[in-house]
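Here are my notes on this one, in the order I'd go through them with the model open. Have a look first, then read on.

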Amino acid sequence: MFATFYARNNGHVFLGNNYACSLEGTGIVHWSLDDVNELILDNVFYVDGIKNSILSVGQMGMQGHNSAFEKGSWNLLKGLVKGTKEYC
């Protein structure tokens with residue numbers, strides 16, 4: 001869920017199959033890591049037609065986040081805050 005949202009009706013995001021989806025807005029998302037910690041993600045796109053959340057590791061890296069994939073989990077670090085998400 002967006003903490004702040006700015007509607008904009010210009011631009012497209014291209015998916016892997018070269019299908020273009022409309023960029024409907026941008027904003028800030030607070031991503032809860034546990035009961036205490038959260039990461040604040042800036043310049044998050046809202047794209048019409050995408051049903052699941054997609055994170056771009058490359059864009060997060062450009063915003064100062066460090067990522068590591070290992071042993072079935074994704075570790076995300078920014079400053080002293082670290083988040084881990086399990087995946088299969």
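1. How many residues lie between strand 2 and strand 3 in their hairpin, and which residue in the turn has a positive phi? There are five residues between the two strands, and Asn 18 is the one, with a phi of about 70°. Bear in mind that this is a predicted model.

2. Overall layout: the protein has seven strands and one helix, and along the sequence they come as β-β-β-β-α-β-β-β.

3. Strand 3 (residues 20-32) gets a lot of my attention here. Strand 1 (residues 2-7) runs antiparallel to strand 3, joined by five bridges, with Tyr 6 partnered by Thr 26. Strand 2 (residues 12-14) also pairs with strand 3 in the antiparallel sense, over three bridges; there Val 13 sits opposite Cys 21.

4. Going on to strand 4 (residues 38-47), strand 3 makes eight bridges with it, again antiparallel. Leu 23 faces Val 47 in that pairing, and the hairpin between the two strands passes through five residues.

5. Take a look at His 65 too, in the loop between helix 1 (57-62) and strand 5 (66-70). His 65 has a relative accessible area of 4%, so it counts as buried. Beyond its neighbours within four places in sequence, His 65 contacts Leu 39, Ile 40, Leu 41, Met 60, Leu 76, Leu 77 and Lys 78.

6. Some totals to finish. Of the 88 residues, 20% count as buried. The exposed surface comes to about 6,500 Å², with carbon and sulfur atoms supplying 53% of it. Among contacts with a separation of 6 or more, 29% are between residues 24 or more positions apart.

Notes:
Residues numbered from 1 in each chain as written. Predicted model: local features only at pLDDT ≥ 70, side-chain atom pairs only at ≥ 80, totals over all residues. Heavy atoms only, no water. Helix = DSSP H or I, 4+ residues; strand = E, 2+ residues; numbered from the N terminus. Buried < 20%, exposed > 50% of the residue type's maximum accessible area, 1.4 Å probe, protein only. Contact = heavy atoms within 4.5 Å. Areas by Shrake-Rupley, 256 points an atom, 1.4 Å probe, with all protein chains shown as cover. Pairing = 2+ DSSP bridges.
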